[in-house]
Amino acid sequence: MSTVEEPSEVQILKVHECWRLLRSNSVGRLAVSGGSGPEIFPVNYFPEDGTLILRTAPGTKMDALMGQEPVALEADGFNSYGTIAWSVVAKGLPEAIPADDPSQESAAHGLSPWEPGTKDFLFRITPTELTGRRFVISDSKRWWPAREPLEAP
C-alpha cells in the first residue's frame with residue numbers, strides 16, 4: 001500500500017472569477033512590510049470598481065499602508081458543502097482615500113469593523129496582480145498527524 005497521495009487538481013482562476021469570489025466574501029488578510037518586517041492583519045474589505053477598499057485606525061497597519069510599499073490581500077472561502085476551497089491574492093500599491101472622495105460614502109455602508117474603536121481612514125488597493133485557485137479539499141484521514149517537537153537531549 002502506497003502512502004504517496006496523488007496531487008489534487010488545482011484550477012487556476014481567471015481574473016473575472018477572482019473578482020466574483022472577492023465580492024462573495026468580505027474578510028481577508030492584509031500582508032504588509034513594516035519597519036520590523038512582514039506583518040499580517042485580518043481585515044474586512046469592500047470591492048469597488050476594480051479596487052479593494054479597507055478601513056483602519058492609526059497604528060502599525062496604517063503606517064505600513066502610508067509607506068508606499070506593495071501589499072497583498074488574500075481572501076479564502078469554500079463551497080456550501082465544505083468540499084471545494086478557493087483562494088485569491090490581490091497585490092498592489094495602497095493609496096489613502098481623501099475625505100471628500102465618493103468612495104467614503106459607499107465604503108461606510110459596506111465596511112463594518114470587527115474590533116471596537118474608530119477607524120476613520122480608508123485605503124484603496126488597485127491590484128497590479130490578481131491570482132486565484134480552486135481545489136478539492138483533501139480527506140482529513142489522509143493528512144499527516146501533528147508531530148510534537150523533539151525534546152533537547
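I started with Thr-51, which lies in strand E4. Before going on, I noted that this is a predicted model, where local features need pLDDT of at least 70 and side-chain atom pairs pLDDT 80 or more, while totals for chains, interfaces and linings use all residues. Residues are numbered from 1 along each chain as its sequence is written, and side-chain values use heavy atoms, with hydrogens and water left out.

**Entry: the residue itself**

Is Thr-51 buried or exposed? I found it buried, at a relative accessible area of 6%; buried means under 20%, exposed over 50%, and partly exposed in between, with a 1.4 Å probe and protein chains only.

Beyond neighbours within four places in sequence, I listed Trp-19, Phe-46, Arg-124, Ile-125, Thr-126 and Pro-127 as contacts of Thr-51 (heavy atoms within 4.5 Å).

**Entry: the overall layout**

I stepped back to the whole protein and found three helices and seven strands. These are DSSP runs numbered from the N terminus: helices are H or I with at least four residues, strands E with at least two. Their order from the N terminus is β-α-β-β-β-α-β-β-α-β. Of the 153 residues, 34% are buried.

**Entry: the core**

The largest nonpolar core has 24 residues, and I noted Leu-22, Leu-30, Leu-52, Leu-54, Leu-73, Val-88 and Leu-130 as those touching the most other members. Such a core is a set of buried Ala, Val, Leu, Ile, Met, Phe, Trp, Tyr and Cys residues joined through side-chain atoms within 4.5 Å.

Which element gives the most to this core? It is H1, with four residues. I then checked the buried residues of H1, which are Glu-17, Cys-18, Trp-19, Leu-21 and Leu-22. They pack against E3, E4, E5, E6 and E7.

In soluble globular proteins, nonpolar side chains tend to be buried together.
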